[in-house]
Amino acid sequence: MSDFSLIALLGCAIGLIGIGFAGLVLGRNLFRIVLALSIAEAGANLLLILVGFRYGGIAPILEPGRTVANMVDPVPQAMVLTAIVIGVGVQALALALAIRARNAYGTLDMRLLRERMESDIDRAAGTTPDTSRQAPAGTRPLPPPLLAKREPLS
Amino acid sequence: MIVLVLVLPLLAAFLLPLMPGMLRRLIGPAALLAVAGIGIDLATITFQQPVVLAVGGFLPPLGIVFQADAVSAVMVVAVALLTLLLWPWQGDDASVLDRKQALTLILAAACSGLAVSGDIFNVYVFYELAAVASYGLASGNNAAAKVAAFRYVILGGIGSLLAQVGITLLYFRTGTLNLAHLAELAPHTLYDPLGMSAFLLILLGFGVKAELFLVNTWAPEVYATAETRVSGLLAGLVSKLVLIILVRVLTLIFAMTEAHLAFLVLGMLGTLTGELAAYRARDVRRMLAWSSIGQLGMAFVAFSIPGPAGMAAGLAVALHHLIAKPALFLLAERWGGSLASLTGAARKSPIAAGLFVLFVLSLLGVPPLPGFWAKYLLLTGLAAQPAGLWWLAGAVVLLTTAIEAVYLFRVIGALYTRDDSQESQPAVNVASSGILAVVLVGAGLASPILAAPLDRMAAQLADAPSYVARILPALPMPPDSTMPPPGPVPSPDPMQPPGPTQGVTP
């Protein structure tokens, strides 16, 4: 294990995180977004493992007659185990929610889903949206007043 | 005893589906009542002397530590009582109700865990536990809630990722995860650009749940679609516990000016954007959601003031918001519609409207109510700092209070507009928010008495050296423990970075 391979591995970890974040920001499909999150998590876990790595280290199992000097650090490994378990749970939950959203709105496109959710919230609240993608500001009619006008009290 | 505050709700959550009949409905509230009792007992102890518990008899730098100071004890009591007030007593379906109650219990357990944890990786685990429970609670029963919850899961996942990388950097530089040990090592190892970036990663990562600026876009969507009960829990409770954790990281580990300024600037931006967005909101629930972002920004600004004065101001703002916001969300349950539909609601439900006015006045800071003292402490704390960003923050706080007054009085105006022709408004359940109103008014009346405990909490929170001193050196061994203090494998020397930088080839 040379310096070069270590730098390559660190680069891989940071690159995976970068790829994952790019996917999270640019992705529109819900499944790809979940996939991007799991890629970024893989990168973060690799980074954590590399922090505990030692050249020529052996597995951190203490047996009689074995010195502790040349073992890899076990703490990051325990942390990565926890992080993997948490990540799996969160991804399963996200996929379940994506299926529910697909069943409700008939699409997996994040932008369409967001638009439909916003209009649903607006409808439930009884308000009209105050921005529109179809009509830019200046061409659309003014939004209704905040408080409905009523007849003056007689 | 400290362990019980998180073990009891967790155990109750897992036992709940196994219980027969009536017991199933009682086990949750019983566990929460027990936690409240333990919390009050802890408070009586910790206001004199904070408590430390080394789990399993392993001593702190290696073992895991739970610690309870006055802030933790008060937070544990708040968790238990607020969860009881917002408890899902009844629902349409028995199995749905079971799940809701179990998730609420897990949320309470995770919040208690955040309050007493003394180890940053444990904090991460409890944070994730709270996050997963709140994802489940947020994905209510309508379609919009599913989409909102999905977006919340993704943003929460990004936050956990950032926090995990931040913790990795901390461990890389120091080789420890214990907060007290980190505090001891920080001046030599973490006061540099890498340490600062670790702080920013942790701040932004955990800040997702504390509705910090930049990572708070989930809040209006989730609060508008989830049940108001859940919105109250998330805005009132979870955000405060995460905030306290971030403050501990700030005061213990990163007690440098740049970190305080990061708190200040992000808090200021959060206040400004939150209140301006609330001004534009056209329905009560999203208005309250944006306003809670603004209020939490104000708490960040308060905690950014160095020293006990800032801690006192921050605790006052946070605790006041913890009482006021869930009550406002509960009152808005039946008034979820647009502002126009609220016209004349005060005549149909005068008590609810009166309570709404009371909480709004306290939120704005009208003198006899506790909100006034919170803002007073905040502004005097900011004014005592050298001029510059801190005074700008004071100006921002005053400006946003004016904006708050405009949009909240718009609601009150609608409530009390005379209106004879409307169909009948549904009645509002005022029991829980009534209790919170009693607490609020009581706190306002008892403010001379409450000043001393608040100062004590603030002093304990700000006093990093004694936090380190009580956890690290001479923790007495439990008498029944026969284990040698270190874990099975002695870890590498914590002063040396354990990572690849050592570069020893065999």
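The dialogue below takes several features in turn.

Analyst: Please keep in mind from the outset that this is a predicted model.

User: What is the secondary structure of chain A, and what pattern does chain A follow along the sequence?

Analyst: Chain A has 4 helices and 0 strands. Read along the sequence, its pattern is α-α-α-α.

User: How should I describe two packed helices?

Analyst: Two packed helices are described by two values, the angle between their axes and the distance between the axes. As a case in chain B, consider helix α2 (residues 21-46) and helix α3 (residues 70-85), whose axes come within 8 Å and cross at roughly 160 degrees. Since angles over 145 degrees count as roughly antiparallel, α2(B) is roughly antiparallel to α3(B). The crossing of these two helices is left-handed.

User: Which residues of α2(B) and α3(B) make the contact, and how do they divide by class?

Analyst: On the side of α2(B), the contact residues include B:P29, B:L32, B:L33, B:V35 and B:A36. On the side of α3(B), they include B:A70, B:A73, B:V76, B:V77 and B:A80. By class, the contact of α2(B) with α3(B) has 15 nonpolar, 3 polar and no charged residues.

User: Where can I see a helix of chain A and a helix of chain B described in this way?

Analyst: Take helix α3 (residues 74-105) of chain A and helix α5 (residues 120-138) of chain B, whose axes come within 11 Å and cross at roughly 10 degrees. Angles under 35 degrees count as roughly parallel, and α3(A) and α5(B) are therefore roughly parallel to each other. In α3(A), the residues A:M79, A:T82, A:A83, A:I86, A:V90 and A:L93 meet B:F121, B:Y124, B:V125, B:E128, B:V132 and B:Y135 in α5(B). The residues of this contact divide into 10 nonpolar, 1 polar and 1 charged.

User: What should I look for in the phi angles?

Analyst: Most residues other than glycine have a negative phi. B:E211 has a positive phi, near 55 degrees, and B:L214 has a positive phi, near 90 degrees. B:E211 is placed in the loop between α8 (193-207) and α9 (218-225) of chain B, and B:L214 lies in the loop between α8 and α9 of chain B.

User: Are B:E211 and B:L214 buried or exposed?

Analyst: B:E211 is buried, with a relative accessible area of 2%, whereas B:L214 is exposed, with a relative accessible area of 55%.

User: How may I read the surroundings of a single residue?

Analyst: B:F356 is placed in helix α15 (residues 350-364) of chain B. Its relative accessible area is 0%, so B:F356 is buried. Apart from neighbours within four places in sequence, B:F356 is in contact with B:L328, B:L331, B:W335, B:V411, B:I412 and B:L415.

User: What does B:V360 touch, and where is it placed?

Analyst: B:V360 is placed in helix α15 of chain B and counts as buried at 0% relative accessibility. Not counting residues up to four places away in sequence, B:V360 touches B:L328, B:L408 and B:I412.

User: Which residues does B:G157 touch?

Analyst: B:G157 lies in helix α6 (residues 143-174) of chain B and counts as buried at 4% relative accessibility. Leaving out residues up to four places away in sequence, B:G157 touches A:L37 and B:Y135. B:G157 and B:L382 are 225 residues apart in sequence, and their C-alpha atoms are 34 Å apart in space.

Key:
Residues numbered from 1 in each chain as written. Chains lettered and ligands numbered in written order. Predicted model: local features only at pLDDT ≥ 70, side-chain atom pairs only at ≥ 80, totals over all residues. Heavy atoms only, no water. Axes fitted to C-alpha atoms, helices over the stretch in contact; angles between N-to-C directions. Parallel < 35°, antiparallel > 145°, perpendicular 65-115°, else oblique. Left-handed = near helix turned anticlockwise from the far one by under 90°. Contact = heavy atoms within 4.5 Å. Nonpolar A, V, L, I, M, F, W, Y, C, P; charged D, E, K, R; others polar. Buried < 20%, exposed > 50% of the residue type's maximum accessible area, 1.4 Å probe, protein only.
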